[in-house]
Amino acid sequence: MKRTMMSLIGVTVALAAVTGVAAVTGPGDGAGDAPRGGTRLPVQRSALLCPAPTSSEVGETAYTAFAPKGAAPGADGKKGTAQLLPAGTVKDTGGTGDGKDKGKGGKNGKGGKGGAADSAAGQAVPPRDTKPVVPLQQAGRPVTTTTDRPDAPALVGTADGPLAPGWTVQQTTSVAAGAGRGLLGLGCTTPDTTFWFPGVSTATDRQDYVHLTNPDSAPAVVDLELRGKDGALAGSAGEDISVPPHTTVPVLLSTLTNTPTTNATLHVVAREGRVGAAVQASDGKLGSDWLPAAADPSPSVVLPGVPKDATSVRLVALAPGESDADLKVQLATPTGMITPAGVETLHLKSGMTTAVDLKDLTKGEAGSLVLTPSDSGSKVPVAAALRVTRGKGAKQEMAFIPATRPVEKRATAVDNRGKDATLSLVAPEKGKDAKVKVTASAGSGGGTPVTKTYTVKGGTSLDVAPPRPTGLKGSYALTVEPESGSGPVYASRMLARPQGGVLAFTVQPMPDDRGSVLVPTAGQDLSVLTD
């Protein structure tokens, strides 16, 4: 029996190193150092999922893939693979996703329990082709491709070997006109079993679709729950949604409830299997963008990268547990922490979504929002996101900034071109300065990497035009790495690409890429023991 137990321990250690699923680091878990007797190893396999980008006839999507060079020490010369493959899709889930269809979805057309589940359980349509997308063959240089297909599929894929640690893929879609116009950017997501999306809407002026993508060979079963200012939305139904293997299911959120709600929170739970999830939001006046999942609920949250010319900022937050939360609301600016006038504190009732309009929060000076417990001893977790608007009148454009994880080892943002990128860094804890190394990779078409170091004083934020590779051709990647002894740091990247006078933009959070795992070291060979 003792021999068997030791064999199982040995297998667990080996699987941790190969799959990267054991002891994956997370925020606040002491990820900076390996525990006594443990070893930090690069993951050997990563998975990413990209939702279908747009159904617009005037949209163009760029896919960019990248793996940081040197992320797998000792792997120089070794080969790995990294590629995405088209996924199938399930139709008839409440419209087209481009802002044209206000249908209620489902067989009964009422958006009740049968409507959402039945429509999501419709027949899966296989992809039109199975050609790999943005296959990556070497670390350190991004690969990019574009498509203008209105039926471009969702993508599922994996990276292994030296390309697995830090493998990053972004899809950036430009839609020049129509209800779904705008610049839509999304870092493709890792599969998981639970996601929080503060900031969704089921109001008549918004069309929000959650895209559920199953990367595995067995079906996934997903529950969707919407919470408004009074708790679960009346008539809210989204149980038992079946997501077939290697398939994506888009669900129009307004079909899940008979209560139109401007500010809501979506909770996605995979009861069987795992999925990738992202919300595509389209507003008749403010354009469209992706709303990524917020970081796992935590007592303190950071929302980095509110642009200096934001004309409207709306905070949406939820305390999903059984206790209320009282929070201090602060804006980290280049000179220190300030408290927004009239919004010094925020009270969140348990299970109820709270929305606060912060108006022109930054007032010409870029910053990052920091929410901390009013009582320093409180451990009540919260989830939060911002809807940020730039421009005025008919030329407004929105984007979303969810709470994000800190950068503990490394984070990457790709598809930077020319001078369209702004890097936001925030060190939210006073007295704990952050020192980070930022590397601009070689360009997809050529160029030489450039590295620059930034220091962010504790309690402040820093917005900079990031370094660019020398002799840049094509797009490039930005990699952020805190130096040894650095204080906590959070990051995001904004892309700004004007469209006909509209300040089109999109913001991607830059959480730690979790490209390494902590593997316990066996302290004793128990196989020498007798039964």
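**Figure 1. Confidence across the predicted chain.** The mean pLDDT (the predictor's confidence in each residue, from 0 to 100) of the chain is 87, with 84% of residues reaching 70 or more. Because the model is predicted, local features need pLDDT of at least 70 and side-chain atom pairs count only at pLDDT 80 or more, whereas totals for chains, interfaces and linings use all residues. Residues are numbered from 1 along each chain as its sequence is written, and side-chain values use heavy atoms, with hydrogens and water left out.

**Figure 2. Secondary structure and burial in the chain.** The chain contains 2 helices and 40 strands, taken as DSSP runs numbered from the N terminus (helices H or I, at least four residues; strands E, at least two). Of the 531 residues, 54% are buried; buried denotes under 20% relative accessible area, exposed over 50%, and partly exposed in between, with a 1.4 Å probe and protein chains only. Of the contacts between residues at least 6 apart in sequence, 82% join residues at least 24 apart.

**Figure 3. The disulfide between Cys50 and Cys188.** The structure holds 1 disulfide, defined as a pair of cysteine sulfur atoms within 2.5 Å. The sulfur atoms of Cys50 and Cys188 lie 2.0 Å apart in this bond. This pair links distant parts of the chain, 138 residues apart: Cys50 belongs to strand β2 (residues 45-50), and Cys188 to the loop between β11 (182-187) and β12 (194-200). The disulfide is right-handed because the torsion about its S-S bond is about 110 degrees. Cys50 is buried, with a relative accessible area of 0%, and Cys188 is buried at 9%.

**Figure 4. Strand β21 and its pairing with β27.** Strand β21 (residues 301-306) is mostly covered, with 6 of its 6 residues buried. An antiparallel pairing over 4 bridges joins β21 to strand β27 (residues 367-373); strands count as paired if DSSP finds at least two bridges between them. Within this view, Val301 stands opposite Leu371 in β27.

Terms used
Contact means heavy atoms within 4.5 Å.
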